[in-house]
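Please open the structure in a viewer and keep the selection tool at hand. The stops below proceed from aromatic side chains to charged ones.

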Amino acid sequence: MKTNRRCRALLAVSLNLMALLFSTTAFITTHWCEGTQRVPKPTCGKEKKTNCLNYGGNETANETNQNVVHYSWETGDDRFLFRYFHTGIWYSCEENINAAGEKCRSFIDLAPASEKGVLWLSVVSEVLYIMLLVVGFSLMCLELFHSSSVIDGLKLNAFAAVFTVLSGLLGMVAHMMYTQVFQVTVSLGPEDWRPHSWDYGWSFCLAWGSFTCCMAASVTTLNSYTKTVIEFRHKRKIFEQGFREEQNFLDQEAIKYFRERAEEERAEAGDLRLQCLHSCSPN
């Protein structure tokens, strides 16, 4: 039984650690959602020769004279670039079309004013989710390596299961709130940021993978607790039945012993009376 409990506790600790690593990685990365944004092509210049609008003529003169009317034969989507972007809880980064690399801006500033409260609530829930995972992981490690007795281990098990379940519920709520805020931002956010197409990224998958590992750890911990309690109750029941049977056996033996003693005493008393009668009778 002790080996089985230790294996279940080790599995719960491993799942909780995976949930903690996944949630922390998802929280600090910017790939919850990713896709493309449609932006106008920049004007071709000395440093920009490709993916730009070439109006022809003297480029230097066109740049200096703002009254010149520019004409381009490109129409429709040819006038636009589709740049890659990815967004997390804290930042939204997009490809820089004028230079190498990316430029990032705060996603909290991009969110509509009506959704900022929900976004901050999502951030707080994510932080609490990670903190409760840390508490649950600490209790599981304490139960695995430092519990001196089975009763103390069961108490730690119960508290670890409660904290892990609470953290899982908070994580689920936080992920759903962020999804709602992002979808509203796609519709009502700044025009220069609104995505042309988007999908969920690997950080979002990590976040829900963390939730899955968290709930699996809580189920494993609860299973270990209930299984240990059931085993103890079964052993206690067997012990009580054996004790009652032994007590009944001892009672029967005691009754039999006292009956035999009573019969022996009656027999001895009868012999004594006979001896007394023989000794007291005249010759």
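Predicted model: local features only at pLDDT ≥ 70, side-chain atom pairs only at ≥ 80, totals over all residues.

Under the ring-pairing rule, there are 14 aromatic pairs in this structure. Rings of Phe, Tyr and Trp (its six-membered ring) pair if their centres lie within 6.5 Å, and planes under 30 degrees apart count as stacked, over 60 as edge-to-face and the rest as tilted.

Select phenylalanine 85 and tryptophan 193: their ring centres are 5.9 Å apart and their planes stand at 70°, so this pair is edge-to-face. Phenylalanine 85 belongs to strand 2 (residues 80-87) and tryptophan 193 to the loop between helix 5 (150-188) and strand 5 (197-200), so the pair ties together parts that are 108 residues apart in sequence. Helices (H or I, at least four residues) and strands (E, at least two) are DSSP runs, numbered from the N terminus.

Residues are numbered from 1 along each chain as its sequence is written, and side-chain values use heavy atoms, with hydrogens and water left out.

Are these two residues buried or exposed? Phenylalanine 85 is buried, at 0% relative accessibility, and tryptophan 193 is buried with a relative accessible area of 0%. Buried means under 20% relative accessible area, exposed over 50%, and partly exposed in between (1.4 Å probe, protein chains only).

Next, select tryptophan 208 and phenylalanine 211. Their ring centres lie 5.5 Å apart with the planes at 85°, so this pair is edge-to-face. The two residues are 3 residues apart in helix 6 (residues 202-280), separated by about one helical turn. Tryptophan 208 is partly exposed, with a relative accessible area of 25%, whereas phenylalanine 211 counts as buried at 16%.

To see both pairs in context, select Trp32, Phe85, Phe107, Tyr178, Phe182, Trp193, Trp198, Tyr200, Phe204, Trp208 and Phe211, which form one aromatic cluster.

Now turn to the charged side chains. How many salt bridges does a search of the whole structure find? The search finds 3, a salt bridge being a side-chain nitrogen of Lys or Arg within 4 Å of a carboxyl oxygen of Asp or Glu.

Begin with arginine 83 and glutamate 94, whose side chains meet in a salt bridge at 3.5 Å, N to O. Arginine 83 lies in strand 2 and glutamate 94 in strand 3 (residues 91-95), so the pair ties together parts that are 11 residues apart in sequence. Arginine 83 is buried at 6%, and glutamate 94 is buried at 2%.

Arginine 105 is partly exposed at 23%.

Aspartate 192 lies in the loop between helix 5 and strand 5 and arginine 105 in strand 4, so the pair ties together parts that are 87 residues apart in sequence. Aspartate 192 is partly exposed at 45%. With Arg83, Glu94, Arg105 and Asp192 shown together, the view holds a network of linked salt bridges.
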